[in-house]
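Reader: I have a model open and want to go through the fold with you. Can we start with the overall picture?

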Amino acid sequence: MSASISAGRPLANLSRYGLILALIAVFSIFSAAAPTFLTPGNLQSILVNNFTLLAIVSIAMTLAVSAGGIDLSVGTAVDFASFAFVSLVLAGKPVVLALLAALLAGALVGAFNAILISAIGVSPFLATLGTPFIGRSIQQLLTNGGNPVYLPPTGVPDAFRFLGHGTIAGLPVPLLIAAAVITGAAVLFSFTRFGRVVLSIGIQPSVVRYSGIGLGRHVAVTFVLAGTVAAIAGIILTSTVTVYIPSSGNAFLLNAIGATFIGTTFSPLGRPNVAGTVLGVLLLSIVANGLLLTGLNFYWQQVGTGSLIFAVLAFSFINRKAVGA
């Protein structure tokens, strides 16, 4: 028995740290394959252009998955926040007011999901699957069929521009905002009662329900929070490109799901966790940047990314199965 346990421990560790090994592997491969990969400018580009927005949306996804569900409407929250932000700035309203409106727009998307899930009893998958269809139609109605909303170059307030292109102590503001979101989520799950209850709901919802804890209330707040976090990505996206493009938030959905579930391999219990999600986002960001530098056809880039996600998850599953055996 002791020999079996001692043999299983290395496999468990290998399963958990397979994500880090994958990170090291892809970093090494692209360092050798693309001469410009290791340049400071490109490394900064990975963090600012590839990592930042996806990390924020993936944290929103991690919140929903931690509560035992999934949020397929994070892209809709991004879009609604982006539209509200651009519209108010374009109307000459203070940037602070536009920020609050954008966060509220994302929270409303989350609240709509929360009503469907907690009050009516629709499953998170079906509830958040329907929300993007409604959201897409609303966006098309608000933009005369899906036309982008541009901010004129001369009408962009300094505070707006600072959110997308400013720096603090030499560090890009979008990256600092992403770091704040990641830190906040880590604190929520590690040091608050609410975070621990959410994690418990994801593991044993029946135990939480029979213990007298308001399961529905916690799930509802989690989805509202997920929509609000996704809205932050919409704010940064808009302040970076100074334009709102309908349904552009959906571009983050699949990678956010991939990063979140890749991140579960970093947990001994195979559960969603902030550190694993961040590593998953970093892995996908490096791969996206590296494949672009190598000049690979865009469609083959998608094949490569999907194959990598499958490989990491399969590696973890095989090792966990071996440990269980």
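Author: There are 14 helices and four strands in the protein. Helices here are DSSP runs of H or I with at least four residues, strands are runs of E with at least two, and both are numbered from the N terminus. The radius of gyration is 20 Å, close to the 20 Å that the globule rule gives for 325 residues, so the protein is as compact as a globular protein of that length. That radius is taken over C-alpha atoms, and the rule is 2.2 Å times the number of residues to the power 0.38.

Reader: Where do these numbers come from?

Author: This is a predicted model, in which local features need pLDDT of at least 70 and side-chain atom pairs count only at pLDDT 80 or more, while totals for chains, interfaces and linings use all residues. Residues are numbered from 1 along each chain as its sequence is written, and side-chain values use heavy atoms, with hydrogens and water left out.

Reader: What box do the C-alpha atoms fill?

Author: Roughly 70 × 60 × 35 Å, taken along the principal axes.

Reader: And how much of the protein counts as buried?

Author: 46% of the 325 residues. Buried means under 20% relative accessible area, exposed means over 50%, and partly exposed is in between, with a 1.4 Å probe and protein chains only.

Reader: Which residues of H9 are buried?

Author: In helix H9 (residues 193–203) they are Gly 195, Val 197, Val 198, Ile 201 and Gly 202. They cover an arc of only 160 degrees around the axis, which puts them on the same side of H9. The arc is that of the directions from the helix axis to the C-beta atoms.

Reader: What covers them?

Author: The cover includes H3, helix H8 (173–191), helix H10 (205–210) and helix H11 (215–241).

Reader: H11 again, then. How do H7 and H11 cross?

Author: The axes of helix H7 (residues 158–165) and H11 come within 7 Å and cross at roughly 105 degrees. H7 and H11 are therefore roughly perpendicular to each other, a label for angles of 65 to 115 degrees. The axes are lines fitted to C-alpha atoms over the stretch in contact, and angles run from 0 to 180 degrees between N-to-C directions.

Reader: Which residues meet there?

Author: From H7, Phe 160, Leu 163, Gly 164 and His 165; from H11, Ile 235, Thr 238, Ser 239 and Thr 240.

Reader: Different topic. What about the backbone at Thr 242?

Author: Thr 242 has a positive phi of about 50 degrees although it is not a glycine. Thr 242 lies in the loop between H11 and strand S4 (243–244), and is partly exposed at 23% relative accessible area.

Reader: And Ala 169, what is its phi?

Author: Positive too, about 55 degrees, and Ala 169 is not a glycine. Ala 169 sits in the loop between strand S2 (167–168) and strand S3 (171–172). With 81% relative accessibility, Ala 169 counts as exposed.

Reader: Is Gln 139 buried or exposed?

Author: Buried, at 3% relative accessibility. Gln 139 belongs to helix H6 (residues 124–142).

Reader: What is Gln 139 in contact with?

Author: Leaving aside neighbours within four places in sequence, Gln 139 contacts Asp 79, Phe 80, Tyr 244, Pro 246 and Ser 247. Contact means heavy atoms within 4.5 Å.

Reader: Last one: where is Pro 40?

Author: Pro 40 is in helix H3 (residues 40–66), and counts as exposed at 67% relative accessibility.

Key
Parallel < 35°, antiparallel > 145°, perpendicular 65-115°, else oblique.
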